[in-house]
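Please read the following points beside the model.

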Amino acid sequence: MKWGTKYGPEYVNRLYGMVRRHLSGDFSFICLTDDATGVRPEVRCLPIPPLNLNLKPGQRDGAWKKLTTFEADLHGLRGTALFLDLDVVVVGSLDDFFTQPGEFLIIRDYPRFWRTGARIIGNSSVYRFELGAHADVLANFRAHIEQAQRDHRNEQVYLSHFLHDQGKLGYWPAAWCPSFKYHCIPAWPSNWWREPFIPEGARIVIFHGEVNPPDALAGKRNKRFAHIEPARWIAEYWKE
């Protein structure tokens, strides 16, 4: 899904290239977007369904748009969908993402030392579902938009609680979707001379927070007093 100007078409094109190299057999690659300019022809671009958020002046609608993937009829698409954020880097086979048992599968969000209790929240950088099977996720949100936004800080918190309450929420094996900033950067002080690495068992490296693939490739962090060496392996994977 691509909207606005933060990510250009090269992110879509590189994501398609990574998926094609790491997924066996035939598939359809769909980009929900407000601008298909520059997107490679193998990608089918379709409009993002309206979410009808009641936004305050200057308020961003952010990742809530992801909930439109749960339309009862999403442009007539049918079958199993694997949603991928644009800024992930695929480093291993994707085949098992389509055979792993579970009704709805998502990344179990990465632990933070300040959070306690059961960790049910999913990170929505990678999730799998049957198209049209969870239309109630979106219908409930549209019917209770203001309350949902008050009660949940973002779309993945809302989504996780909604499906967890139905007993439908499951998680990928932890090794498959490591966080770049939590799992790939060597511990201090070796981060000053050791290059970030691909953890064992990784399939999709997730970039969230202050590092994205081009910054990591260049050895830049958007955080004060933090340092990483260039992650040169990104150039091998993050390409068309």
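1. Helices (H or I, at least four residues) and strands (E, at least two) are DSSP runs, numbered from the N terminus. The model is predicted, so that local features need pLDDT of at least 70 and side-chain atom pairs count only at pLDDT 80 or more, while totals for chains, interfaces and linings use all residues. Residues are numbered from 1 along each chain as its sequence is written, and side-chain values use heavy atoms, with hydrogens and water left out.

2. Two backbone features deserve a check. Pro189, placed in the loop between α5 (180-184) and β8 (204-205), is joined to Trp188 by a cis peptide bond with omega of about 5°. His75, in the loop between β2 (44-46) and β3, is not a glycine and yet has a positive phi of about 55°. Most residues other than glycine have a negative phi, and most peptide bonds are trans.

3. The axes (lines fitted to C-alpha atoms, for helices over the stretch in contact, with angles from 0 to 180 degrees between N-to-C directions) of α2 (residues 135-143) and α4 (residues 155-165) come within 11 Å and cross at roughly 120°. The two helices are therefore oblique to each other, a class left for angles that are not under 35 degrees (roughly parallel), over 145 (roughly antiparallel) or 65 to 115 (roughly perpendicular).

4. In the contact (heavy atoms within 4.5 Å), Asp136, Val137, Asn140 and Phe141 of α2 meet Tyr158, Leu159, Phe162 and Leu163 of α4. These residues divide into 6 nonpolar, 1 polar and 1 charged, where Ala, Val, Leu, Ile, Met, Phe, Trp, Tyr, Cys and Pro count as nonpolar, Asp, Glu, Lys and Arg as charged, and the others, Gly among them, as polar.
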